[in-house]
Amino acid sequence: MTRKPLVYTVSALLAGGLAAGLWALAGLPLPFGPDPDRSRSPTGRVAESPQRAGDPQAGYTALVNQPYVSCGMPYSAYRRIAPETDPAMLLPGRTGRNAELPYFLTAHVNDAGVEVVSNNCLVCHAGRIGDEVVVGLGDAFADFTTDPRQLVTQVGRYVQGPDESAAWQLWADRIDGIAPYIQTSTIGMNPATNLSWALMAHRDARTMEWSQDPLLDPPQNTPVPLRTPPWWWMGKKNAMFYTTIGRGDHSRYMIFASMLCADSVEELAEIDSYAPDIRAYLADLTPPAYPYPIDRQLAAQGQDLFMSECASCHGTYGDTHSYPNRIVPLDEIGTDPLYAQTMTDGSLDRFYDWVDRSPHGGTVRAAPAEGYIAPPLDGIWAAAPYLHNGSVPNLAALLDSRLRPTFWRHVTPQDYDPEAMGWRSETLEAGKDSVPAGTERARVYDTTRPGYGNSGHTFADRLSDTQRQALLEYLKTL
Amino acid sequence: MTRPRLWTAAIAAVCASLAAGMWFLQSDTRPETTQTQINWMEAMASLSQDGFERPEQARPLDWPQDHAAHPSARSEAWLISAHLQGPEGTPVNVQFSMTRIGLVPPGSHADTAPSIWELRDIYRAHLIATDGTQGIAEERFGRGLSGQAGFDDALQQLHFDNWTLTFPDDSPTDSWQFTATADDFAVTLDLQPGKTPISPEGSDAPFRGYAFTRLDVTGTFDMAGVGQPVTGTAWFEHAWGELPLPGAGPVFSDRLLLHLDNGDDLSVIVSQRSDGRGAPTVDAALIAADGSPRPLGGEMSQVSFPRLWQGAQIEWPVVWAIKLDDALELQVTAVSDTQEHAFTPLIWSGLVHAEGQLDGRPVRGTGILQLSGERQP
């Protein structure tokens, strides 16, 4: 198992505009009260909301160089633990120290002159295909199953002197605050959403000031398991996240990853100055092409099926593409309901309210729907495992629910299975309970656990095997 | 792979903790009574990694060669702790540790260097022995010159004056000898390796090491003119490379080593922030009778300190309550509270007994706790 130093950052973060932030700072009442309708969205079509323009190229540069996550480990201590960088982990377009750091770390020098390395968005949002790091691919192998405080301690043993110690302590405080809420039980499952709630619980919404004791009731300890979606769908999506909770200015939501460390409204504003560029880069991103042969004739048959069976939800592809931005209610989609339910049962409303009170409140809004968005299927071949909780290991099983394994695990090292279309996996006889605690248990995907269910989305079950083959072939072309 | 990962492997826990035990290196409370002219603190202040090598992780370890000093590594530590009984069942503990700090990397010229560099290595040794009611504790500092302290390759012997740990020439099954004398004290131990050694292969740690977690011991123990035969078990560890220099940074670590009566050995390191914030982290591993390590605490680890004992300056946690996963629950109690030693700086290191449950069965154990001196009051 590979493992990255996880300075957890947030993505599923919700907030609103600086304008409203100024209201808040002035102590004026917000222009909206705690209106439950405001923090819910209906299922069905998601309306478009205007986005600030940005420069995609500047966005990439910012994404891989800017310290939007500003706390982390002292560089010198990091190098004790990792003296060399595997060349396969380097990314182009990185400047200064970043040019020699692995893709998921960004360096900057803090106010006390200590060089600090922090995780960036790519700790979750980059994955490997073959030998290549693909920016924007969710990391299906990221490991959030162990207590991050252990890494913090290990790094701490190599920290020296008061300035380095102070930098480390800041980072350690933040990890300490969020650690109880971000441990998943299965490798590949991402705790980002729960992490964002934990950060909000620890921050004053108006001043962004950190409080070591939570200011709001913290979220539940166990994160609902999530598969990290690829970024290249954002060009088509009108709202962010599986439940479309992220409404309004996307650039402000996504950059909320900095909430681990951004301790003032000023720091947030600084990050906000390049956030539209990052959004533009994401919206501009194209998926990697399917790297194996494609039977074009079979794919063409599959396209016809797709148009009749799938396009109403997932849109059309090619030169004249369309995408309906459609949220399907839970009872219709039938996939694991836990994520959408916890988002809409009222148990998290205090965080949606936090968003409204935050400096970005007003330009963004937290408003989940009780259902899941039918995502664009561009580059779907690479986005395994499938569904919002990653419960289905490959597309063959997604199109035929009878093939879905109850217990399974990825084969390591990571290897693509072009037949089934997904990261190669093996079916297991029994679930997590049958495996002793530790890495081996963490590798087991157990669909009988809450939130991990693999039911629903049975739209292709009634097709014939040959029809499903044709559909699969078509999906390779997207 | 050079991605830092958690050193989750059980064995990494073992050696990381030896490294964590290096805290004494950074003390600024050195008493005036040390036996050498070496300015320990000055040496510490001028420590540099330059010229020293990070140990090659891929090379398989090889004994007895790897018992010896590794001069290309900046720092190195050896520890042996024997948990013994006299004929009446008296609990007896003997601890011997040596630390080497390299000042000049091999291959550089001492004669062109400033005065401090005339020394190639400096050594520090601890001898602690107790029979439950009385004990001795002595600390020595020395230079690696003149055969006073170091590892003698010809004799296969780690030594500091008349404290010696001798390894057999080549046979992995021959027994080791430990002898030491001090004022009114003498000990001779015959140590027979029981389990295969463990080492953190492929770890990302900047040091290497290994542990023989259980050796069978017989010997004689002479304290204040009363000699007695002793038997029991011992634990040996050795690590070299860039061992962390605790005391310089924001984390300190306490260490528990236990031999359990079911044949398992337990290593626990509890690390805490020296600013007193945050929750302690726990690295723990059980080494089974067949030598296979089992990491513990992945799902849940709880360590609390039900009783503190007020020492000269520090309140030491002399009772530990440990819960690791659903597997292990132990209460660990100091055989005697007063196992504080006026070393550089003050430490608490001494014999403990443990009692509890492992995998649903009752279990008892004997071992040592090593508590460092940097904790906040």
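**Exercise 1.** In this predicted model, find which residue of E8(A) stands opposite Gly44(A), and then work out where E1(A) stands in its sheet.

*Solution.* Begin with the residue itself: Gly44(A) faces Ile327(A), which belongs to E8(A). Next, look at the two strands, for E1(A) and strand E8 (residues 326-329) of chain A are paired in the antiparallel sense over two bridges. Then widen the view to the open sheet, in which three strands follow the order E1-E8-E10 in chain A with antiparallel pairing. Strand E1 (44-45) and strand E10 (371-373) of chain A each have a single partner strand and stand at the edges, so one side of each is left without a neighbour in the sheet.

**Exercise 2.** Determine which strands of chain B are joined to E6(B) by bridges, and decide whether the residues on its two faces are buried or exposed.

*Solution.* First, strand E5 (residues 149-152) of chain B runs antiparallel to E6(B) and is joined to it by four bridges, with Gly150(B) opposite His159(B). These two strands form a hairpin with four residues between them, and in its turn Gln156(B) has a positive phi of about 55 degrees. Second, four bridges also join E6(B) to strand E7 (residues 163-166) of chain B, again antiparallel, and here Gln157(B) stands opposite Thr166(B). Finally, consider the faces of strand E6 (residues 157-160): Gln157(B) and His159(B) lie on one side, Leu158(B) and Phe160(B) lie on the other, and all of them are buried, which leaves both faces covered.

How values were computed: Residues numbered from 1 in each chain as written. Chains lettered and ligands numbered in written order. Predicted model: local features only at pLDDT ≥ 70, side-chain atom pairs only at ≥ 80, totals over all residues. Heavy atoms only, no water. Pairing = 2+ DSSP bridges. Buried < 20%, exposed > 50% of the residue type's maximum accessible area, 1.4 Å probe, protein only.
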